[in-house]
Amino acid sequence: MTTAAAPPRVPEAIHRRRWAILCTLVLALLVVVLDNSILNVAMKTIASPAPTGIGASQSDLEWSINSYTLVFAGLLFTSGLLGDRFGRKRALLAGMAVFGVASLLSALASTPGELIGYRALMGVGGALAMPATLAIIMNVFERSEQPKAIGIWAGAVGLAIAIGPITGGLLIEHFWWGSVFLVNVPIVVVALIAMVLLVPESKDPNPGRMDPVGVLLSIIGLVALIYGIIKGGELADFTAVAAWGPVLLGLVALTAFVLFERRTAHPALDVNWFRNKVFSASVVVVGVVFFALMGVSFFGVFYTQSVRGYSALEAGVLMLPLAAAQLVFAPRARLVVDRFGIRATCAVGMLFIAVGFLGYLLLGATTPIWVLVVLGLLMGTGMAHVMPPITVAIMGSLPREKAGAGSAVNNTFRQVGGSLGVAVLGAVLSTVYRDGMSDGLARLPSPELREKAGESLEATLAVAARLGDRGKELIGPANGSFIHAMHVVAALSAGITLVGAALAWFLLPGRVPAGGPNGPGGPAAGPSAAAGADRADEEPRAAAVADA
């Protein structure tokens with residue numbers, strides 16, 4: 001007697017157009033991720049007086065980035081829940097529409113205040129769209145193809161981060177500053193049309209009652225935590241009340257959220273998911289990876305542009321090796337996982353990233369630039385063998401109906417880890433740089449100039465330019481102090497990444513059981529997760545076929 005295999009879980013009509021759907025989702029992902037990396041290139045122009053820019057101060061520029069980050073991080077989890085409840089396609093369409101309108105308004109902003117407000121609105125759109133992309137992938141692809149699809153999804157993130165500065169540099173060279181936002185609009189329009197025609201609707205068939213208390217606590221906790229982290233990084237002092245106060249409030253709110261979710265009958269987040277070692281270890285590794293990577297990207301821009309003298313466009317081109325490695329290897333990471341298992345693949349990938357960080361210790365003011373290209377390839381290869389398997393492990397350890405919440409948790413840990421990396425490692429960079437420049441700054445004629453020049457490498461170079469010939473003696477020590485600070489941060493990042501590699505090796509399983517939550521050993525611990533897995537298996541299956 002033989003038994004026929006279970007039929008596909010995805011309807012044939014959707015299965016046939018799955019790759020076209022993925023292309024549409026990647027388009028949405030590109031425009032959301034691309035925007036932040038483009039904006040970094042336009043900062044100097046936006047700070048210029050009208051009509052070249054809008055006369056934004058340093059604080060205005062910081063908040064034009066931070067307003068987006070705060071809203072995006074604060075709403076990620078809630079947006080994932082809304083997609084599961086009301087439909088992921090609806091969440092995706094709404095997010096892209098809001099993002100497109102806010103991009104148009106940002107391009108037309110005439111004051112820094114308007115730009116900050118419209119950037120916050122863009123954060124709302126990004127938060128709605130981002131979790132929906134990954135959740136839809138989980139409901140469009142069969143489990144056997146999900147690793148490849150997620151690999152392409154992860155590679156697209158790396159590509160967007162790399163091509164953002166190149167695109168921004170080209171736009172700033174040929175058009176006005178608002179073009180870095182206006183470029184989003186036609187892409188959003190094309191993406192919306194494709195989504196309406198191609199993307200199917202999916203949602204949790206049994207979402208239960210709403211949990212307004214849990215949702216509110218999650219928003220307060222995440223916004224306060226990210227705000228405190230950002231503020232600590234700005235001040236380079238996490239002992240200031242303005243930094244630790246919001247962080248404490250955020251931690252208290254998130255603790256209250258967890259306690260409430262454990263006791264309520266209809267939780268927004270089933271905290272029993274974290275009892276599943278695959279799920280909890282994976283989200284921690286995601287946070288560690290982005291902590292280290294976002295920190296190094298912070299000082300990488302200053303090294304290539306301020307120390308080495310490359311333009312914004314040239315600096316963007318130097319990021320292409322990292323993106324190219326991710327684009328090539330991320331879709332193929334599943335083959336390595338099939339051969340060696342998720343534990344070995346992710347741990348070795350983290351080791352590649354750590355070696356790349358250690359390679360930054362070789363960089364000086366005159367190091368051949370091909371060394372930086374090799375380091376980019378090495379780190380991109382490591383990332384390509386960490387993020388796709390980890391994302392597959394996170395999403396595969398949950399019921400398919402909860403894909404939106406799972407995607408939101410994944411993205412939230414990435415966002416918190418990245419923000420913490422920029423703040424903490426940025427503060428270390430500033431402190432080490434300032435200490436290294438103490439003797440050189442002491443020779444400046446006034447306390448005001450000494451205070452201003454000690455803020456950063458860019459500030460020192462600006463003061464040196466104002467002083468003319470007298471300021472030239474600052475340039476060499478400033479570059480030397482920055483390179484030393486970069487080495488310290490790179491070594492710290494390598495150490496953090498090695499901790500992540502150890503976590504991956506000791507906490508991740510050798511292999512994730514096939515079938516995700518519905519396969520043997522796959523469901524997250526706890527009755528709620530088990531019930532979700534049972535519901536996922538209620539789809540029609542073929543009857544056994546007996547052969548004589």
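This report describes some helices, the nonpolar core and the aromatic side chains of a predicted model.

## The nonpolar core

In soluble globular proteins, nonpolar side chains tend to be buried together. In this model the largest nonpolar core has 133 residues, and those with the most contacts inside it are Ile46, Phe77, Leu92, Met96, Val289, Tyr360 and Phe482. Leaving aside residues up to four places away in sequence, Phe482 touches Phe299, Phe302, Tyr303, Val307, Leu429, Tyr433 and Leu457.

Helix H15 covers residues 342-359 and includes Val355, a residue with a relative accessible area of 47%, which lies between the 20% limit for buried and the 50% limit for exposed, so Val355 is described as partly exposed. Although Val355 and Ala494 are 139 residues apart in sequence, their C-alpha atoms are 7.1 Å apart in space.

Helix H16, made of the 15 residues 370-384, reaches 21 Å from its first C-alpha to its last, which is close to the 21 Å expected at 1.5 Å a residue. The buried residues of H16 include Val371, Leu372, Leu375, Met379 and Ala384.

## Aromatic rings

The count of aromatic pairs comes to three. In one of them, Tyr68 and Phe72 have ring centres 5.6 Å apart and planes at 10°, so this pair is stacked. Both residues lie in helix H3 (residues 58-86), four residues apart, or about one turn of the helix, and both Tyr68 and Phe72 are buried.

Trp177 and Phe181 form an edge-to-face pair, at 6.3 Å centre to centre and with 85° between the planes; Trp177 and Phe181 are also buried. Elsewhere, Arg343 lies over the face of Trp505, at 5.7 Å from the ring centre.

Note on methods. Residues numbered from 1 in each chain as written. Predicted model: local features only at pLDDT ≥ 70, side-chain atom pairs only at ≥ 80, totals over all residues. Heavy atoms only, no water. Helix = DSSP H or I, 4+ residues; strand = E, 2+ residues; numbered from the N terminus. Buried < 20%, exposed > 50% of the residue type's maximum accessible area, 1.4 Å probe, protein only. Core = buried A, V, L, I, M, F, W, Y, C linked by side-chain atoms within 4.5 Å. Contact = heavy atoms within 4.5 Å. Expected span 1.5 Å × (residues − 1). Phe/Tyr/Trp six-rings, centres within 6.5 Å; stacked < 30°, edge-to-face > 60°. Lys NZ or Arg CZ within 6 Å of the ring centre and 35° of its normal.
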